[in-house]
Amino acid sequence: MKRSEINEIKSAAEAFIHSFGAVLPPFATWSPEQMRSAKAEGIRARGLGWDITDYGQGRFDELGLFLFTLRNGDVTDLSKGRGMLYAEKLLVSRDKQLSPMHRHIVKAEDIINRGGGDLVMEIYASDTDGGINRDNPVIVPSDNCPVTIQPGELLRLKPGESVTLMPGIWHAFWAEKGDCLIGEVSTVNDDRTDNVFEDPIPRFATIEEDAAPDFLLVADY
């Protein structure tokens, strides 16, 4: 992705988030210099902030996702069973923009449609080898009510609705009927190690520095 494109995507996504009355934390407006400072050490260490990816494919409008990590714990606390064991993100999925099929090794997550279009999800269980089980139905909680999804069936979340995905549940998603603002509340998040994609694609974008950055991405630090 070009840095100039990333600057533009961030501005549009920020306006979209604000249109729902959501207010981002102060560090969302920090300059690259501020984000590189000692004051931001904890923010960098926890991977907080702006995250824009095309999964290395160069087709952001078709295959991509915008994310902002609001808070995140320390993965080393998971083995202790105490501490800040949670994370929270805001995501923007553009209309018909695919976030590709993947699962998580550690992370359990609630995916919430916070407003805009419908959030459409394709969901499967894992087979015994960790691959996708496309032969059997899978049961997932949607707003704490069990929903049985048949192979190939899609789960459609209207604004306000949510689904809980446990580790090992394969999922892909996209917006329909307009861009969608998505909330994610999860176990501590480590995007460097915890994503397993069906196709061998990178989690973060490769950036062409054709312009100065207006802000830093999580991938920059």
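In helix 1, the residues R3, I6, N7, I9, K10, A13, E14, F16 and I17 are buried, where buried means under 20% relative accessible area, exposed over 50% and partly exposed in between (1.4 Å probe, protein chains only). The model is predicted, so local features need pLDDT of at least 70 and side-chain atom pairs count only at pLDDT 80 or more, while totals for chains, interfaces and linings use all residues. Residues are numbered from 1 along each chain as its sequence is written, and side-chain values use heavy atoms, with hydrogens and water left out.

Helices (H or I, at least four residues) and strands (E, at least two) are DSSP runs, numbered from the N terminus. The cover over the buried residues of helix 1 includes strand 1 (49–53), strand 2, strand 3 and strand 11. Helix 1 comprises 16 residues, 3–18, which at 1.5 Å a residue should span 22 Å; its end C-alpha atoms are 23 Å apart, which agrees. The expected span of a helix is 1.5 Å times one less than its number of residues.

Rings of Phe, Tyr and Trp (its six-membered ring) pair if their centres lie within 6.5 Å; planes under 30 degrees apart count as stacked, over 60 as edge-to-face and the rest as tilted. The structure holds six aromatic pairs. One of them joins F27 and F68, which are stacked, at 5.6 Å centre to centre and with 20° between the planes. Because F27 lies in the loop between helix 1 and helix 2 (32–35) and F68 in strand 2, this pair ties together parts that are 41 residues apart in sequence. F27 and F68 are both buried. The rings of W50 and F66 have centres 5.6 Å apart and planes at 55°, so this pair is tilted. W50 belongs to strand 1 and F66 to strand 2, and the pair links distant parts of the chain, 16 residues apart. W50 and F66 are buried as well. Together, F27, W50, F66, F68 and F215 form one aromatic cluster.

On a 1 Å grid over the protein atoms alone, a cavity is a set of points where a 1.4 Å probe fits but cannot get out, and a pocket is an open set with protein on both sides within 12 Å along at least five of seven lines; lining residues have an atom within 4 Å of a point. Grid points are joined across faces, edges and corners, and a volume is the space filled by probe spheres set on the points. By this rule there is one cavity of 30 Å³ or more. The largest cavity holds about 150 Å³ of space. Its lining consists of 19 residues, of which L65, L67, H102, H104 and N195 lie nearest the centre. Two or more lining residues come from each of strand 2 (65–72), strand 3 (86–93), strand 4 (99–104), strand 5 (109–126), strand 11 (170–187) and strand 12 (195–197). The lining of the largest cavity divides into seven nonpolar, six polar and six charged residues. Here Ala, Val, Leu, Ile, Met, Phe, Trp, Tyr, Cys and Pro count as nonpolar, Asp, Glu, Lys and Arg as charged, and the others, Gly among them, as polar.

The largest pocket has a volume of about 360 Å³. It is lined by 19 residues, and A45, R46, G47, D190 and R192 are the closest to its centre. Helix 3 (41–46) and strand 2 each supply at least two residues of this lining, and helix 3 gives the most, with three. The lining of the largest pocket comprises six nonpolar, five polar and eight charged residues.

Several single residues complete the picture. Most residues other than glycine have a negative phi. Y55, however, has a positive phi near 55°. Y55 is found in the loop between strand 1 and strand 2 and counts as buried, because its relative accessibility is 3%. D143 also has a positive phi, of about 50°, although it is not a glycine. D143 lies in the loop between strand 7 (138–142) and strand 8 (145–149), and its relative accessible area of 36% makes it partly exposed. S142 lies in strand 7 and is buried, with a relative accessible area of 13%. Leaving aside neighbours within four places in sequence, S142 is in contact (heavy atoms within 4.5 Å) with V147, L157, S162 and V163.
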